[in-house]
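I opened this notebook to record what I looked up in one protein structure.

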Amino acid sequence: MTGSRVYPMRLYGDPVLRRKARVLKPGERLTVPGFDPQSVREVADQMLETMFEQRGVGLAAPQVGLSVRMFVAVEYEDDEEENEGGEENLRSRVLRDFVMINPVMSVIDKKKDRSYQEGCLSIPGIYEEGVPRARAVQVRYTDLDGKDRTIEADDYLARVFQHELDHLDGVLFLDHLPAEIMEDHRKALTGLQRQAKTFLSDLAEHERRRQLERQG
């Protein structure tokens, strides 16, 4: 895994996706499981690379196995259609990108919007409408230069921020939907759980070998 330009995606069933992420400390170095220690900036860059590779609009640190309060996100042209366009380079459609460290959200417009279809890179192949999200939010966060930032977002971008902030608290978008929706996807979710279990087993073996190489 070390040396790859993208991180493996943690899938539904992986315990890290259900963990409440911890606050990131200034100047901290981070170790994504399976990779060498990196600076926060290096991790953020690689997370963006991973997100583009997966044709996503946002990616939270727990989705790459790192339980810290950080996510990356982008605003695309034609934002609600970010997964369309075949092999087109998504970077050419980026209006703004964000790296949010220790984000804190407040709701500006409490009226719920259920109109967009929502999916998740950690739950591939499953998309659902009806996830209730606040129409407008404000997010306070620290950027990669250590500066405090505040942004207001509405509609689709507000939804993206809420989705990624949920990840930092161990919440997935399916949690906002009725139980029968989960039942509809039970077979697919069981398959993802199996994949997650296999990945964790392979990762543990990879780490064990790396440890032996260091000792040798």
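**Entry 1: the whole chain.** I noted at the outset that this is a predicted model. I recorded that buried residues make up 48% of the 216 residues in the protein chain. I then looked up the surface: the chain exposes about 11300 Å², and carbon and sulfur atoms supply 46% of that area.

**Entry 2: dimensions.** I found that the C-alpha trace spans about 60 × 45 × 35 Å along its principal axes. I asked how the radius of gyration stands against that of a compact globule. For 216 residues such a globule would have a value near 17 Å, and the protein chain has 17 Å, so the two agree.

**Entry 3: secondary structure.** I listed four helices and nine strands. Their order along the sequence is β-β-α-β-β-β-β-β-β-β-α-α-α. I also examined contacts between residues at least 6 apart in sequence, and 68% of them join residues at least 24 apart.

**Entry 4: charges.** I looked up 32 positive and 40 negative charges, whose mean positions are 7 Å apart.

**Entry 5: aromatic rings.** I found four aromatic pairs. One of them joins Phe-71 and Phe-161 in a tilted arrangement, with 6.1 Å centre to centre and 45° between the planes. Phe-71 belongs to strand 4 (residues 70-76) and Phe-161 to helix 2 (residues 155-168), so this pair ties together parts 90 residues apart in sequence.

Conventions:
Residues numbered from 1 in each chain as written. Predicted model: local features only at pLDDT ≥ 70, side-chain atom pairs only at ≥ 80, totals over all residues. Heavy atoms only, no water. Helix = DSSP H or I, 4+ residues; strand = E, 2+ residues; numbered from the N terminus. Rg over C-alpha atoms; globule rule 2.2 N^0.38 Å. Buried < 20%, exposed > 50% of the residue type's maximum accessible area, 1.4 Å probe, protein only. Contact = heavy atoms within 4.5 Å. Areas by Shrake-Rupley, 256 points an atom, 1.4 Å probe, with all protein chains shown as cover. Lys, Arg positive; Asp, Glu negative; His and termini not counted. Charge placed at Lys NZ, Arg CZ, Asp CG, Glu CD. Phe/Tyr/Trp six-rings, centres within 6.5 Å; stacked < 30°, edge-to-face > 60°.
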